[in-house]
Structure formats: structure tokens, C-alpha cells
Amino acid sequence: MIILTLRTDKPEAEIGLFDKHQELAYINWEAHRELSSTIHLKIRETLQAHGLTVEKLGGIVAFKGPGSFTGLRIGLSVANALSYSLTIPIVSSSGEDWIKTGIERLLKREDEKIALPDYGREPHITKQIH
């Protein structure tokens, strides 16, 4: 099973590619405010470097937080959209061993259907002025 891992809770984003527990690739880049415009490119580049396409993915592990509201929102939106469009399972995880835990859950055939963020606190959203 080819598994994509995504972590977008901080300015440096991370993408991993695994064949079950075997790491095929792991990249990080300074995404910061460019995350929404770079994440798709980085996923494609990582897959292509290994002769793969998104259609070969068997599951997704997404870091759920805590962390940046916008970063988590973008990363989980991408992960959920891929999971839904490819009809593949998705799980979210946190903590130091988030990848290992997430992969184990996928291999046990778990599927959250929609991965939800854990911001660690209430998100600070600017209120509209009427």
C-alpha cells in the first residue's frame, strides 16, 4: 500500500511517501505563506520522482495538530480532497510518532472519511466589521 503523509502545522511543511512502513521519500520545504500554491506541486514531484501518480495511492495520513490554523486547514483540505476523489482511506494523527501511528491505523483498515484538525485551542478568527 502506497501511503502519502502530510504535515502542515508549521511554516516548514512535510510530505512523506511510504510503502507500508518503508519510507520511499520524505521532503520538507519552507512553505509558510506559499503552502496553498506549493503543496500540490510538491506532492506531484514526490510521486513522480518514484514513478507514481496519485492514482497509485492507497491511503493518506495527515498530521491533525495542534498547530497553525491556516496551515492545518490547507493541509487537511488537500488530504481530504485527495481521499474523497481517489476513494482511499484517510486517518489523522498527532504526537511524535504520528506517521507510525497513522500507518498502523491504515493497515488495520481504519478510515476516518474526513480528517478533522486539532488546533490545540479555539482558532483566532478576525471578526467582520459591519
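This is a predicted model: local features need pLDDT of at least 70, side-chain atom pairs count only at pLDDT 80 or more; totals for chains, interfaces and linings use all residues.
Next I looked up which residue Glu14 pairs with in a salt bridge. The partner is Lys10, and the closest N and O atoms of the two are 3.1 Å apart. I then checked Lys10 itself and found a relative accessible area of 32%, so Lys10 lies between the limits of 20% and 50% and counts as partly exposed.

I turned to Arg105, whose side chain meets that of Glu110 in a salt bridge, with 2.7 Å from N to O. Glu110 is partly exposed, at 32% relative accessibility. Which residues are linked with Arg105 in a network of salt bridges? I wrote down Glu110 and Glu112, which together with Arg105 make up the network.

My next entry concerns Lys113 and Asp111, whose side chains form a salt bridge at 3.2 Å, again taken from N to O. Lys113 has 58% relative accessibility, which is over 50%, so I listed Lys113 as exposed. Asp111, with a relative accessible area of 29%, is partly exposed.

Last, I looked up how many salt bridges the structure holds. The count is 5, and among them I have noted Lys10 with Glu14, Arg105 with Glu110, and Lys113 with Asp111.

Methods. Residues are numbered from 1 along each chain as its sequence is written. Side-chain values use heavy atoms; hydrogens and water are left out. A salt bridge is a side-chain nitrogen of Lys or Arg within 4 Å of a carboxyl oxygen of Asp or Glu. Buried means under 20% relative accessible area, exposed over 50%, partly exposed in between (1.4 Å probe, protein chains only).
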